[in-house]
Every structure is written in C-alpha cells, then in structure tokens.
Amino acid sequence: MKRVLIVGAGKGGSILLNILYQANQMNIVAVIDVDQQAEGLEVAQKYGIEIGHDWKKWIDKDIDIVIEATGKEQILDEIVDKRNRKTVVIPGSVAYIISELFNEKEALLDRIKLQMNNQHLILNNIRDGMIVVNNQGVVQFVNKSAEQIVGLAKKQVEGKYIQTVIPNTRLPKILRNKRKEVNQKLTLDNGKQIITTRIPVIDAEQNLVGAFAVFKDITEVVNLAEENTDLNEIKTMLEAIIHSSDEAITVVDENGNGMMINPAYTRITGLKEADIIGKPATVDIYEGESMHLKVLQTRRAVRGVRMKVGPGRKDVYVNVAPIIVDGKIKGSVGVLHDVSEIQSLTSELRRARQIIRNLEAKYTFRDILGDSVEMKLALEQAKVGAKTPAIVLLRGESGTGKELFAHAIHNESDRKHNKFIRVNCAAIAESILESELFGYEEGAFSGAKHGGKKGYFEEANNGSIFLDEIGELSLNMQAKLLRVLQEQEIVRVGGTEPISINVRIIAATNVNLEKAIIKKSFREDLYYRLNRLPIYIPRLKERLSDLPVLVQHMILKINEDYGRNVQSISDEALSKLKNYHWPGNIRELENVIGRAMIYMDMSQEEIKAKDLPDLQSARIETDTQNFIPRQGQPLQEAMEKFERTYLYETYKQNNFNKTKTAKDLKISIRNLYYKMEKYKIEKNDMQ
C-alpha cells in the first residue's frame with residue numbers, strides 16, 4: 001500500500017483526506033499544515049493519523065506520494081526540489097480531479113450494488129426455487145425458496161458442484177446441449193416432488209456463461225389430490241360402517257338439520273330418512289329436549305340423557321358429541337340406546353356376575369391403587385404371601401379393601417386357575433354355618449337335599465377359600481375350623497368319613513384378635529394358626545397421598561355405572577377430602593364420591609367442593625347402612641348392637657368428647673354415661 005503525505009490541511013486537503021481514508025487504498029502517513037487550527041488536522045487526529053507543521057521533517061521518511069494541497073506554487077516547487085527521486089508529487093488540482101474520479105467510481109459501484117441487492121431481494125422472495133450454476137456446473141446462487149425445498153442451507157450449496165447437491169439434476173446436460181427444458185417433473189432425495197424449468201445462460205457473443213433452474217414444490221398438490229381420493233374412499237367406508245352398525249346413529253349439520261341416519265335408528269324410532277333428513281333435530285323427539293341443539297350451542301358432549309323418541313314413544317338413552325373441524329363446529333353425531341335392551345342385558349349380566357362371583361377372583365394387584373409407603377408395604381407382603389401356601393391373615397378396619405387383597409393373592413398364586421370361594425362368616429347364621437362350610441350327608445337333618453351337598457371347603461378344593469370376618473365365628477365353629485387347619489380334612493354334617501382337602505386359606509378380620517383372646521371370645525390356638533403371615537391393610541387416613549388416584553378411579557367407575565361424564569375433581573374439593581379423617585375408609589370415600597356425582601348437573605364435568613355432601617353426616621349414614629344383623633339373631637340383640645355401633649361412631653366423630661356426643665345424639669349427658677356403661681364403650685374400643 002502506497003505511503004502518502006498530504007501537505008495542506010485546509011478545505012481542499014480535508015476533502016482529499018476524507019476521500020483517501022474512506023477509499024482505504026493508501027496509507028496516509030501524515031497531514032501537514034503551518035496553521036495549527038486547520039480543519040484537516042482535526043480530521044486527521046480523529047482518524048489516528050499523525051499531524052505536523054513542517055513538511056520538510058517528513059519528506060525523507062520513505063514517502064511514495066506527496067499531495068500538495070496548499071495551492072501555493074512556491075511550496076510545490078520546494079517539495080519537488082527536496083523530494084526523493086522515487087517520490088511522486090501531485091499538485092492539489094490534479095489530486096482533486098483524481099478524487100472526483102474516485103467519487104464517481106464509488107457512486108457507480110453503489111448503484112451496481114443496489115441493483116444486485118434488489119435482484120437478490122426479488123429472487124429471495126419469490127415462491128419458486130432458483131439455483132444458478134456457472135459453465136462448470138458450480139452453484140453460484142441459491143434463493144431462500146430453493147433452500148426450503150431442497151432442505152439445505154445456502155452455505156451447504158453455493159460453491160459446490162450441482163450434482164453433489166442434487167444427484168439426479170439435469171443442469172449438467174443443459175450445459176452440454178445448451179437447450180432449455182420446460183416443466184419437467186423431478187423427485188428430490190428428501191422425497192419432495194418438484195416441477196422444474198432449466199435454461200442455459202448465453203452472452204451476446206453466444207458464449208455459454210452458465211445455467212439456472214426454476215422449480216416449484218408440488219408435493220402438497222399431489223398429496224391433496226391423493227387425499228381427495230382417500231377422503232372419498234373413507235366417506236364410503238364410514239357410511240358403510242354407520243349403516244351396518246347395530247347402534248342407532250343420527251347426524252345433524254351445524255344448523256341442527258338432519259344429515260344422516262342408519263337402519264338401526266329406523267328400527268328403534270320407527271322414523272325413516274324422509275322423516276329426518278333436512279328436518280330440524282327436534283322432529284324425532286316425543287318427550288325431552290334436543291341434545292343435538294344443546295351440543296351445537298355448548299360445543300360439549302352429553303352422555304346418558306334419557307328421553308322418548310318417535311311415534312312409538314321409545315324409551316332411549318342418548319349420547320351426543322360435537323363434530324369440530326379446525327376449531328369450527330360442523331354438526332353433531334348422536335347414538336341412541338334402547339333402554340329395554342339395556343335393562344335386559346344388565347339383568348343377564350347381573351345374573352352372570354352372581355354366578356362367576358363365587359367361582360373366581362375378579363381383582364389382581366393391578367386393581368389395587370396407591371403409591372403411599374404404607375400401601376406399597378402391604379402390597380409387597382401380599383405378593384410374597386401369594387407365592388407361598390401359607391395361611392394369610394388380612395387385618396385392617398372395615399372398608400380398607402381386604403377383599404381386594406384376597407382376590408389379588410389368589411390370582412397371583414399357582415391356584416389361580418382353580419376356584420376362589422368367598423365366605424362372610426358374619427353373614428351366615430350360626431345354625432347353618434357348619435353345613436355351609438363343611439357340607440352335609442343325605443338325611444343329616446330335615447330338609448337335607450337328596451344325595452347330600454358339598455360345603456364351601458370341598459367346592460374350593462385345589463383352589464382358595466376366603467374367610468371374611470373370621471373374628472365373628474363362635475368358639476364352637478372356631479374349634480371345628482382349627483381341626484380343618486390341622487388335619488387338612490373335613491367331615492360333613494351327619495357323616496363319619498373324613499374327606500381330605502387341599503385348600504389355600506385367606507382369612508380377614510377387622511376385630512382386634514389379641515383383645516378378643518383376652519376377652520375369651522377367640523381361641524388362642526386358632527390365632528397362632530391364622531397369624532403366620534399377617535398383612536396389615538392401612539386405613540385411608542394413613543395414606544391420604546393416594547386420594548387423587550383413588551378418586552379418579554372411582555369417578556371412572558361411577559361414570560360407567562350411572563352413565564355420567566365427570567372428568568375430574570377440583571383442587572378445593574380434593575383439599576376438603578384430605579382434611580377429613582375417613583373412619584369409613586375406602587368404602588366411605590366411594591359413598592361420598594358417588595353421592596356427589598349423582599346430584600351433579602348432567603353437563604358438569606368437574607366435582608367441586610360444593611358438590612360434596614357433609615362428610616360428618618355421610619359417615620354416620622355409611623356406618624349404619626353397613627350394619628348387617630346375623631340371620632336368626634334376636635331382634636333385641638340386633639337393636640342393641642346397632643345402638644352400640646351408632647353410639648361409638650358418633651363418639652368417635654366428636655373426637656371422644658362426651659358433651660358434644662350427647663348434643664349430637666340429642667340426649668342428656670347422664671343418659672350418655674348410662675349407655676356407655678351399659679355397652680362398655682371406651683375410647684379405644686372397637687379397634
């Protein structure tokens with residue numbers, strides 16, 4: 001780069017300094033002027049260029065060009081005399097002419113750059129892709145649309161040979177034969193299909209400069225055409241499915257006018273297409289409001305609405321859902337269920353369940369919900385117990401789910417393909433319990449069946465028997481059960497020959513057996529036989545962290561039972577449940593959720609705190625409803641047992657405060673003390 005010295009920092013020198021500095025083509029060594037206030041000196045300092053006041057000090061410092069900008073011929077002559085022979089001296093007038101030429105060049109370059117920028121801007125913003133190559137096939141330009149279509153960035157394409165970017169391109173052929181190709185189809189490596197036009201670039205002297213391709217992505221167009229064909233096929237298939245369905249189906253448009261019905265709909269309602277198509281959605285209703293119109297207004301599905309339809313006043317359940325496309329409602333579809341058919345099927349299902357109920361276990365460990373530490377421990381113990389033939393004793397309060405554990409243990413054991421017999425020892429009268437458990441021989445007593453009858457233990461042979469409420473057995477029956485456990489054989493009532501059995505016993509109780517032994521109401525030897533593998537099922541208040549999953553499971557179950565569409569429970573309602581102590585455990589929780597859902601509005605999808613019943617009242621009702629007197633029990637004894645249970649539960653509800661308990665029971669405190677003494681009710685009783 002040439003070393004330049006500018007002598008003269010006046011207006012002309014300042015202009016030259018700015019032009020040369022911005023052109024960045026020369027190395028300006030210094031700017032000289034005898035006037036220390038010359039404006040060019042200030043500009044030079046701003047640019048970081050040295051300044052001075054005597055050009056003679058600089059003339060020998062290896063200067064290539066001296067520009068004399070003072071306009072004084074005397075100084076010009078002195079510089080010419082003093083200069084090195086290799087140094088070129090340019091008068092200010094000549095330098096100014098050169099600067100003007102520089103300015104014109106820069107202006108021309110700026111115009112060229114502007115035109116090029118405009119061209120690039122246009123090419124980058126057209127929807128079609130464009131790729132330009134030189135006469136060697138090397139990519140010189142690619143626009144943004146081409147980047148998107150090809151799937152490669154500009155830096156991955158420009159400067160590369162075109163066939164390394166698009167292997168099946170025909171641009172090299174265009175360079176060879178210099179002929180354009182119009183609207184040719186090509187499939188790229190990324191699967192996109194394009195229509196492309198390829199054109200050679202030839203200058204005025206007929207020399208080949210390069211070629212370019214302009215192309216359009218037609219993948220979407222092709223897909224839309226294929227989808228249109230697919231949609232027609234799908235429509236035909238859907239119509240065939242709807243018409244072949246045994247479910248009565250009706251479809252209306254966004255205005256609530258009938259669009260489609262199927263033969264099953266005609267069979268149930270007695271209405272044909274001519275009665276429905278194009279008519280308002282209310283035309284088929286005899287009693288009730290149109291769920292189609294309700295769904296179109298609310299954009300929400302409804303389920304299990306009962307109404308009467310058609311001239312025959314057919315009683316049906318209706319489920320209706322909106323048809324929403326791209327956020328816009330386009331209609332609704334309804335499914336009708338004949339109530340009489342549902343009732344018939346329900347009755348048959350109930351009978352089938354009753355038969356199956358006594359023959360097999362319904363639940364597995366997957367059906368037992370809970371991630372709390374207490375429940376995990378119980379599940380681990382139960383799974384261990386399932387793999388052994390040992391007697392399992394399930395302990396826990398009423399309503400904790402002991403029966404579910406019994407089912408799961410059987411289903412996890414090697415006896416799962418054999419019978420699972422359930423016996424509630426508290427629900428069978430003492431007088432017939434022995435014959436029910438062990439069976440009887442013909443003629444054993446009046447009314448005995450011809451040929452005798454197998455007992456539950458024989459029925460469960462090679463399987464499992466679940467003895468629930470085993471703490472309610474009389475001492476006499478306890479002795480007979482102990483013999484079965486010791487000898488692995490039973491003797492039928494009225495018989496003499498022992499019958500060997502191979503039965504896995506799962507027992508359950510909510511009675512404090514240790515306390516019962518002290519009271520002499522439970523045999524100690526039987527206790528040690530049963531208590532080999534005890535499993536404690538935690539109370540609900542010990543596993544409140546499981547409440548969300550339990551509640552959600554119950555919501556789904558009750559939805560199925562009652563035809564509701566509840567989806568969730570609010571945080572406020574869940575908090576209310578967590579603040580309750582749940583003396584009735586899981587059974588009470590199910591009672592509370594069921595009552596809340598029954599009284600909720602049909603369209604409501606979330607249980608709120610206001611929907612929950614008063615938990616105190618729900619508890620007392622649950623306890624009294626669960627009280628089942630034994631068959632053959634004297635009335636007075638049953639009434640006293642009920643009164644004792646009711647007294648204790650109210651006492652417990654009031655945190656064992658006698659004054660509050662008497663107030664709730666609406667009796668005097670003296671009367672309460674009398675009854676508590678009569679029934680031996682203590683704070684820690686009935687555990």
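Is Asp-128 buried, partly exposed or exposed? Select Asp-128 and you will find that this residue is partly exposed, with a relative accessible area of 23%. A word of caution before we go on: what you have open is a predicted model.

**The whole chain**

Zoom out and colour by secondary structure. The chain has 27 helices and 25 strands. Of its 687 residues, 41% are buried. Taking contacts between residues at least 6 apart in sequence, 58% join residues at least 24 apart.

**Salt bridges**

Side chains of opposite charge can pair when their charged atoms come close. Across the whole structure, a search finds 24 salt bridges.

Next, select Arg-395 and Glu-514. Their side chains meet in a salt bridge, at 2.8 Å from N to O. Here the partners are in strand E17 (residues 392-395) and helix H19 respectively, so the pair ties together parts that are 119 residues apart in sequence. What is the burial state of Arg-395? Arg-395 counts as buried, at 16% relative accessibility, whereas Glu-514 counts as partly exposed at 32%.

Now go to Glu-542 and Arg-539. These two form a salt bridge with the closest N and O atoms 3.0 Å apart. Glu-542 is partly exposed, at 27% relative accessibility.

**Around strand E8**

Stay in this part of the sequence and pick Val-182, found in strand E8 (residues 181-187). Val-182 counts as partly exposed, at 43% relative accessibility. Which residues does Val-182 touch, not counting residues up to four places away in sequence? Show Thr-196 and Thr-197: these are the residues in contact with Val-182 under that condition. The C-alpha atoms of Val-182 and Thr-196 are 6.8 Å apart, and the two residues lie 14 residues apart along the chain.

Then step to Lys-178, in the loop between helix H8 (171-177) and E8. Lys-178 is partly exposed, with a relative accessible area of 41%. Check the backbone here: Lys-178 is not a glycine, yet has a positive phi of about 55°. Most residues other than glycine have a negative phi. Asp-326 is another stop with a positive phi, about 50°, and is not a glycine. Look for Asp-326 in the loop between strand E15 (314-325) and strand E16 (328-338). Asp-326 is exposed, with a relative accessible area of 78%.

In soluble globular proteins, nonpolar side chains tend to be buried together. The largest nonpolar core in this model has 32 residues, and Phe-457, Ile-465 and Leu-467 touch the most other members. Among the elements giving two or more residues to this core are strand E18 (420-424), helix H16 (430-438), strand E19 (464-468), helix H18 (475-487) and strand E22 (504-509). H18 provides the largest share of this core, 5 residues.

Centre the view on Leu-467 and show its surroundings. Leaving aside residues up to four places away in sequence, Leu-467 touches Val-423, Cys-425, Leu-437, Phe-457, Leu-481, Ile-505, Ile-506, Ala-507 and Ala-508. There is also a second, separate core of 25 residues, which includes Val-566, Leu-574, Trp-582 and Leu-589.

**Last stop: two helices**

Two packed helices are described by the angle between their axes and the distance between the axes. Select helix H26 (residues 658-665) and helix H27 (residues 669-678): their axes come within 9 Å and cross at roughly 100°. H26 and H27 are therefore roughly perpendicular to each other. Which residues of H26 and H27 meet? From H26, show Lys-658, Thr-659, Thr-661, Ala-662 and Leu-665, and from H27, show Ile-669, Leu-672, Tyr-673 and Met-676. The residues of this contact divide into 6 nonpolar, 2 polar and 1 charged.

Note on methods:
Residues numbered from 1 in each chain as written. Predicted model: local features only at pLDDT ≥ 70, side-chain atom pairs only at ≥ 80, totals over all residues. Heavy atoms only, no water. Core = buried A, V, L, I, M, F, W, Y, C linked by side-chain atoms within 4.5 Å. Buried < 20%, exposed > 50% of the residue type's maximum accessible area, 1.4 Å probe, protein only. Helix = DSSP H or I, 4+ residues; strand = E, 2+ residues; numbered from the N terminus. Contact = heavy atoms within 4.5 Å. Salt bridge = Lys/Arg side-chain N within 4 Å of Asp/Glu carboxyl O. Axes fitted to C-alpha atoms, helices over the stretch in contact; angles between N-to-C directions. Parallel < 35°, antiparallel > 145°, perpendicular 65-115°, else oblique. Nonpolar A, V, L, I, M, F, W, Y, C, P; charged D, E, K, R; others polar.
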